[in-house]
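Hi everyone, thanks for coming.

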Amino acid sequence: DAVIPLHRPVTWGREVEYVTEALRSGQPASGPFVERFEQALAARLRCPHVVAVSSGTAALHLALLAVGAQPGVKVLVPDLTFAATANAVRHCGAEPVFVDIEPEYWQMDPARVRDRLGRVGWPYILLPVELLGHPCQRETLRGIAEANGAPYLEDRAESLGAEVDGDPGISFACFSFNGNKVITAGGGGAVATREPELASMLRMLRDQGKDPHDPGRHRLVGYNYRMPDMMAALGLAQLKNLDLILYAKEKSASYYTEGLTGLDAVELPKVAPGVKPNWWLYTVLVPEEALGRLLKAFEEAKIEVRRMFRPLSSLQAFENFPGGAIVQSHRIYRRALCLPSGAGLSYADQNRVIEVLRRELKGG
């Protein structure tokens, strides 16, 4: 049998046409597709300003800089997420403060945020992450930040297309278009904001600090974080099929849920009321003592699965930034298994995944 990938991108639209057009334009590095991609993404997010950049990490870095991240500033991030979130904090010289997740949906826990705020002192920035494509408690967390006069920024690298009560709910958010995301530009990222002043600052930082009205004048120290036109061309073609991709992923998630229901050793993912996740990676909890056996069984079956991200507070890179009383992120890490979740996944592929789980856990 062929290998079943964890999350391979699909090309169901005009990817080849758009990338070829960008290549033949003579402007593959800086051309019209970047603006077209920004405008299309802004329309999709119902947000007036989108700034495309070279990676999701670059998006986080610039967004944090734009709201004042610097040495002496604390940035509260969830303990269970990919290292890029905390890396961006450190790129600014700021200090990450790790916050535990809530046990049901695995997102940053507002109660733990309030507790940590009483300990870290001012100034700080609140940076939740929408883990695995499930929205965080956006309104609650934003309200905590606003009540304390703190900047609020969401890392939505994994959650493009996820909504709460039918609303993308964008205030200030960063996205990634890496090769393993719901849509890809072969890399790249973007920042979405409702504030025109923030958007202007982000564009200046992205473009080596150039004054947009006088390109020969550099008003501040900036970065070369521009998105190449060929990358934007691929991203635009992918974005046009986002609804179809989300539909396919929702169908796959439902098929997993149906096929694994009744397998007592597996705890299925939960969805909060009013939430529509994008099902980036369908992730289940298995008995801790069975995880190693399952990883080996999937490898032998030529099926790509992966463990959850290691808790940030346990990583050597951040050993000087302790996380305090953290329990849930470690509990989830010890039991979580991410299953193949690409939009092109067939039911036959999913049956192979389900068969391994049932066989190894004696459920079928």
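In helix α11, residues 328-335, the buried residues are Q328, S329, I332 and Y333; buried means under 20% relative accessible area, with a 1.4 Å probe and protein chains only. Helices here are DSSP runs of H or I with at least four residues, strands are runs of E with at least two, and both are numbered from the N terminus. Looking down the axis of α11, you'll see its buried residues fall within an arc of 135 degrees, so they line one face of the helix. That arc is taken from the directions from the helix axis to the C-beta atoms. And what do they pack against? The buried residues of α11 pack against β12 (283-285), α10 (291-300), β13 (306-307) and β14 (336-338), where contact means heavy atoms within 4.5 Å.

A word on the source: this is a predicted model, so local features need pLDDT of at least 70, side-chain atom pairs count only at pLDDT 80 or more, and totals for chains, interfaces and linings use all residues. Residues are numbered from 1 along each chain as its sequence is written, and side-chain values use heavy atoms, leaving out hydrogens and water.

Now, the cysteines. Taking a disulfide as a pair of cysteine sulfur atoms within 2.5 Å, the count comes to zero. C47 is in none, as its nearest cysteine sulfur, that of C174, is 11 Å away. C136 is in none either, with the sulfur of C174 again the nearest, at 13 Å. C47 is buried, at a relative accessible area of 3%, and C136 is buried too, at 5%.

Methods:
Buried < 20%, exposed > 50% of the residue type's maximum accessible area, 1.4 Å probe, protein only.
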